[in-house]
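Here is a short briefing to read alongside the model. Have the sequence and the coordinates open as you go.

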Amino acid sequence: MPATPQYPVPAPPSAGAGAVVEGGSGGTDLELYREKFRRRLPDSLDELHGPAQGVVEPPATVVWSGLRVFDLANERQRMSLYRTVLAEGMRKDLSVLLNRDILLGSWPTLRTLVSTTVRSVWEDRFSELRALADVPPAQPPARRRRTHQGPAAA
């Protein structure tokens, strides 16, 4: 037996008059999920006053496990921080932790790292980000290989 009913349900108001969503409340759930991210958005990218350099330690409400301190000079750490803040941060976190110029410069790559919901909500609200949608993402930085420094290496 399926977990959700297999009959049509009314679509959310944004779907248009007479629209129907198949498969239970999935469409409504998606719209509620999108709305969760919309409410967090700043009114303008100019509100993003986060640091452009240095080390950032977000609050535990944003990053609660794994890497807790991010060096903005390290591209992988910077992308990880931004991806996490976009997914987990509240409005105040966004303005304090994200930097407008870094977000714009990183968006072609960052948009490939976040969920489609986060990406579409941000690009729907900010034409500056939408304009970067066709810019190819940067190549990931090469990983440093660790070399064995033990006696056998000699």
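Predicted model: local features only at pLDDT ≥ 70, side-chain atom pairs only at ≥ 80, totals over all residues.

Residues are numbered from 1 along each chain as its sequence is written, and side-chain values use heavy atoms, with hydrogens and water left out.

**Nonpolar core**

- The largest nonpolar core holds 28 residues; such a core is a set of buried Ala, Val, Leu, Ile, Met, Phe, Trp, Tyr and Cys residues joined through side-chain atoms within 4.5 Å.
- Buried means under 20% relative accessible area, exposed means over 50%, and partly exposed lies in between (1.4 Å probe, protein chains only).
- Leu-45, Leu-86, Leu-98, Leu-103, Trp-122 and Leu-129 have the most contacts inside this core.
- Two or more residues come from each of α2 (75-88), α3 (91-97), α4 (100-113) and α5 (116-125); helices are DSSP runs (H or I, at least four residues), numbered from the N terminus.
- Beyond its neighbours within four places in sequence, Trp-122 is in contact (heavy atoms within 4.5 Å) with residues including Leu-41, Pro-42, Leu-86, Trp-107 and Leu-129.

**Helix α5**

- Seven of the ten residues of α5 are buried, so this helix is mostly covered.
- Those buried residues are Thr-117, Val-118, Arg-119, Ser-120, Val-121, Trp-122 and Glu-123.
- Val-121 counts as buried because its relative accessibility is 1%.
- Not counting residues up to four places away in sequence, Val-121 touches Arg-34, Phe-37, Arg-38 and Leu-41.
- Val-121 and Leu-41 are 80 residues apart along the chain, and their C-alpha atoms are separated by 8.6 Å.

**Where α2 meets α4**

- The axes of α2 and α4 come within 10 Å and cross at roughly 80 degrees; axes are lines fitted to C-alpha atoms, for helices over the stretch in contact, with angles from 0 to 180 degrees between N-to-C directions.
- On the α2 side, Arg-78, Met-79, Tyr-82, Arg-83 and Leu-86 meet α4 residues, among them Ile-102, Leu-103, Ser-106 and Trp-107.
- Ser-106 is buried, with a relative accessible area of 8%, and touches Arg-78 and Met-79, not counting residues up to four places away in sequence.
- Arg-78 is buried without a salt bridge, and Glu-75, the nearest side chain of opposite charge, is 4.6 Å away; Lys and Arg count as positive, Asp and Glu as negative, and His and the chain ends are not counted.

**A proline in α4**

- Pro-108 belongs to helix α4 and is buried at a relative accessible area of 8%.
- Leaving aside neighbours within four places in sequence, Pro-108 is in contact with Leu-132, Val-135, Pro-136 and Pro-137.

**Salt bridges**

- The structure holds eight salt bridges, each a side-chain nitrogen of Lys or Arg within 4 Å of a carboxyl oxygen of Asp or Glu.
- Glu-123 and Arg-111 form one, with the closest N and O atoms 2.6 Å apart.
- Glu-123 lies in α5 and Arg-111 in α4, so this pair ties together parts that are twelve residues apart in sequence; both residues are buried.
- Salt bridges link Glu-31, Glu-35, Arg-38 and Arg-39 in a network, and Arg-38 meets Glu-31 at 3.1 Å, N to O.
- Arg-38 is partly exposed at 22% relative accessibility, and Glu-31 is partly exposed at 21%.
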